[in-house]
Amino acid sequence: MAALDPGTDPRGLLGKLLREARNESGKSGEALARAIGQEKTGVVRAESGERVPTLATLGAWLSECGVAGLAESALRGIWKLARNVEDPAQAQLAPWYATEARAHTLRFWQPIVIPGLLQVEQYAYEMYRATGRGHERALEDTGARMARQAILNRGDGPTVVIVLDELVLHRPIGTAQVMAEQCARLLKLSEHPSVLIHILPSSLGASPGLGGSVSLASVTGEPDVLLTGSMLEDVVTTDAQQCRAASGTFERVRGRAANTDGSRTILGEAMERWTA
């Protein structure tokens, strides 16, 4: 089986990163296989993306290769995505996750909820539970979502531009404490040098973005990737016409939103409301 494309399949991305970790450690495939109690063919298949290693094997692999901290968290998150790729919904989103991890610019418009890349853990958990996941699955998916957020702490991390409808800040997801923590998280992120948060005041009424959420990822030398959401399904595409239309919608909504300083004021007021 040929190596899976790391740009479109999380199994391929995981295999590529595992291979790079092994190479950086100076271990041959055979030496690593002996160290973690696997056959060499198991290492080869994992690095090609043909087989997603078990959680125990992943842990042993990372330990033997000296992968720890933020890098370990990110790899464990990608492992969860790779493991779930046979799930049709996860497979459909695989191109987005792979591109998000490599993007130089990410743009989000959200009229309903906080984007996953900015969610606090309990907010994410409550979101997954609301969509019908059981407790254990919600915990796993929340862990994967938290791991994705590691890109915000990379030295070469992306520029992230978020536009939120103000109503998102007042929609209770979980308890008031969860919402207060979520607003505090947004306030902290608004100080990040590569994160721009704009709030569209609800007093403005109808906006060009009422048709639904928009997520756009840009990677140098590659087509933009667009993720749109609806009640029935999420759709990922690189169609140039759709990406241009979505980009236009995003910029029109952003043009009506408050600037970053005004948005911080709105965020602070929302946090006070939830802590009152």
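Mentor: Start with Leu106, whose bridge partner in β4 is Ala217. In β2, the bridge partner of Leu106 is Val160. Keep in mind that this is a predicted model.

Trainee: What makes β1 and β4 a pair of strands?

Mentor: Pairing needs at least two bridges. Five bridges join β1 to β4, so the two strands count as paired. They run antiparallel.

Trainee: And how do you know that β1 pairs with β2?

Mentor: Six bridges join these two, against a requirement of at least two, so they pair. Here the strands run parallel. Phe108 and Ile162 are bridge partners in this pairing.

Trainee: Why is β1 called mostly covered?

Mentor: Six of its six residues are buried. Both faces are covered. On one side sit Thr105, Arg107 and Trp109; on the other, Leu106, Phe108 and Gln110.

Trainee: Why do the residues split into two sides like that?

Mentor: Because side chains in a regular strand alternate between the two faces of the sheet.

Trainee: What makes β2 largely enclosed?

Mentor: Strand β2 covers residues 159-165, and six of the seven are buried, so the rest of the structure largely encloses it.

Trainee: Which way does β2 run relative to β3, parallel or antiparallel?

Mentor: Parallel, with six bridges joining them. Asp165 stands opposite Leu200 in β3. β2, α9 and β3 form a right-handed β-α-β unit.

Trainee: Why is that unit called right-handed?

Mentor: Point the strands away from you. The path from β2 over α9 to β3 is right-handed, which means that it runs clockwise in that view.

Trainee: Next, Leu117. Why is Leu117 called buried?

Mentor: Its relative accessibility is 1%. The cut-off is under 20%, so the label holds. Leu117 lies in the loop between β1 and α7.

Trainee: What does Leu117 touch, leaving aside neighbours within four places in sequence?

Mentor: Its contacts include Leu106 and Phe108, along with Glu100, Ile151, Leu152 and Arg185. The C-alpha atoms of Leu117 and Met146 are separated by 7.7 Å, though the two are 29 residues apart along the chain.

Trainee: Now charges. How many salt bridges does the whole structure hold?

Mentor: A search finds 13.

Trainee: What makes Lys16 and Glu20 a salt bridge?

Mentor: Their N to O distance is 2.8 Å. The limit is within 4 Å, so the pair qualifies. Both residues lie in helix α1, four residues apart, about one turn of the helix.

Trainee: Are Lys16 and Glu20 buried or partly exposed?

Mentor: Partly exposed. Lys16 is at 28% and Glu20 at 31%. The class lies between 20% and 50%, so both values fall inside.

Trainee: What does the salt bridge between Glu222 and Arg102 tie together?

Mentor: The closest N and O atoms are 2.9 Å apart. Glu222 lies in the loop between β4 and β5, and Arg102 in the loop between α6 and β1, so the pair ties together parts 120 residues apart in sequence. Glu222 is partly exposed at 37%, and Arg102 is partly exposed at 32%.

Trainee: Why do Arg133 and Asp141 get separate accessibility labels?

Mentor: Arg133 is at 23% and counts as partly exposed. Asp141 is at 5% and counts as buried. The 20% cut-off falls between the two values, so the labels part. Their side chains meet in a salt bridge of 2.5 Å, N to O. Elsewhere, salt bridges with shared partners join Arg107, Asp224, Glu251 and Arg254 into one network.

Trainee: How do you know that the span of α11 is close to what is expected?

Mentor: Helix α11 has 16 residues and reaches 22 Å from its first C-alpha to its last. At 1.5 Å a residue, the expected span is 22 Å. Its buried residues include Ile266, Leu267 and Trp274. Among the elements covering them are α9 and β3.

Trainee: Last one. What makes Thr57 and Gln38 a polar contact?

Mentor: Their side chains are joined at 3.5 Å. The limit is within 3.5 Å, so the contact sits at the cut-off. Thr57 lies in helix α4 and is buried at 13%.

Terms used:
Residues are numbered from 1 along each chain as its sequence is written. This is a predicted model: local features need pLDDT of at least 70, side-chain atom pairs count only at pLDDT 80 or more; totals for chains, interfaces and linings use all residues. Side-chain values use heavy atoms; hydrogens and water are left out. Buried means under 20% relative accessible area, exposed over 50%, partly exposed in between (1.4 Å probe, protein chains only). A polar contact is a pair of N or O atoms within 3.5 Å; within protein, one must be able to donate a hydrogen and the other to accept it, and residues adjacent in sequence count only if both atoms are side-chain atoms. The expected span of a helix is 1.5 Å times one less than its number of residues. Contact means heavy atoms within 4.5 Å.
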